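User: I would like to learn how to read a contact between two chains. Please take me through one case.

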Number of protein chains: 2
Amino acid sequence: MMTLSQIKVNTDLKALNNEIAAQNKEKLHSCGILTVDVLGSPGSGKTTLLENILPELAAKCRVAVIEGDLATENDAQRIAKTGVKAVQINTNGGCHLDAKMIERQFDNIDLENTDVLVIENVGNLVCPVSFALGEDLRIVVLSTAEGEDKPLKYPTAMLKTDAVVVSKTDIAGYVSVSTEKLIENIKTVNPDVKIFTAGKTDGEYRAEGLVDYIIEARKNLK
Amino acid sequence: MMTLSQIKVNTDLKALNNEIAAQNKEKLHSCGILTVDVLGSPGSGKTTLLENILPELAAKCRVAVIEGDLATENDAQRIAKTGVKAVQINTNGGCHLDAKMIERQFDNIDLENTDVLVIENVGNLVCPVSFALGEDLRIVVLSTAEGEDKPLKYPTAMLKTDAVVVSKTDIAGYVSVSTEKLIENIKTVNPDVKIFTAGKTDGEYRAEGLVDYIIEARKNLK
């Protein structure tokens, strides 16, 4: 459907976004901040993951959170309950966050007293992948409930990320999914990606190694 | 981030898409075909729903299926196993099907001998909502695994549809979701939308009333 001129506009939009993302990154680095973009489908478990890792992360460094959603303040309120300050962006129907939306929040975040900025993107396994925000790390959350085949069907999300968190491992059996097979499919698409698992074990939520991974990346920033 | 001129292009793209969608609809109606656009998040259970209702639907009328995905032919192959012919569109990373992609498939479908055309859109709860394909009915599939709050967080998908299928009702308990609360949230956003449930009961998949709903819509087409 695209004509050449339309593709040009699309390319220009992304180029403009990349430019602002680069400025964001420079600004954030100048404050010593590591930025993490967390993305995944609606209901993949992004907010639940953050609720569970933020207390440990906040005990090790100073954290701020930006929550992106089409509508509602629900997620920022959920995060605030962990004791970490969260600001909410509503895209009013928009399918992804963009670098300009992040830049606009800089006045609402105490950048001088932040070590790690976590951004939870809009629930969407496709569009956010194409829009840099200024992040140092990208983490894709993929739940077992989405099915074993999703890495193969959404390869770009697997390729353009630093890490994948396979979430809801505790319900894999109920949705007839093998977590091992799902991880194998992720590795088929991207053999180099870092893979974590997250879910409840004996009633307790665990995301083994993820906080250390973020802390380590923050150390390597300098 | 959008400037006025960029918004204009975006509007023109959608206007162009709407024009082709209207042509598609006219063409399909001239062949007596009811077209159903099925959309929802990755892993919401769209293909599983189709696999389960197609045998009953195909017993009552002549059905063709278009499968939309970013990559792979997996879903068309899954559908073909039900005995219903399916053609696959790969968007190569694109976040939604558009009307032109559907028009291009008309030569690959036996339109003269089809009563119902089912289109499974790309897994995405946001973008496909904005792109008409020429459909008469839109059905959004929303799984319990996505969480009770999703109708409130993705209101456009609830508003711009004829029906919502709440899927994976059998695992609601394992993901601490109340199907009733989820349905209540759908009704809060759109009191007029038709709601169905789908999932396994005693090991057997059921989507009570959905086939009759489609057959009835086909009858009312004339």
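User: How many residues does the contact take from chain B and from chain A?

Analyst: This is a predicted model, in which local features need pLDDT of at least 70 and side-chain atom pairs count only at pLDDT 80 or more, while totals for chains, interfaces and linings use all residues. Residues are numbered from 1 along each chain as its sequence is written, chains are lettered from A and ligands numbered from 1 in the order in which they are written, and side-chain values use heavy atoms, with hydrogens and water left out. Contact means heavy atoms within 4.5 Å; here 42 residues come from chain B and 41 residues from chain A.

User: What area is buried between chain B and chain A?

Analyst: The size of an interface is often given as the accessible area lost when the parts come together. Here that area, taken with a 1.4 Å probe and summed over both parts, is about 3,400 Å², and carbon and sulfur atoms give 65% of it.

User: How many salt bridges does the rule find across the interface?

Analyst: The rule asks for a side-chain nitrogen of Lys or Arg within 4 Å of a carboxyl oxygen of Asp or Glu. It finds four between chain B and chain A. One of them joins A:Asp75 to B:Lys153, with the closest N and O atoms 2.6 Å apart.

User: Why do the copies meet through the same surface?

Analyst: They do so because 98% of the interface residues of chain B are also interface residues in chain A.

Terms used: Buried area is the accessible area (1.4 Å probe) that two parts lose on being put together, summed over both.
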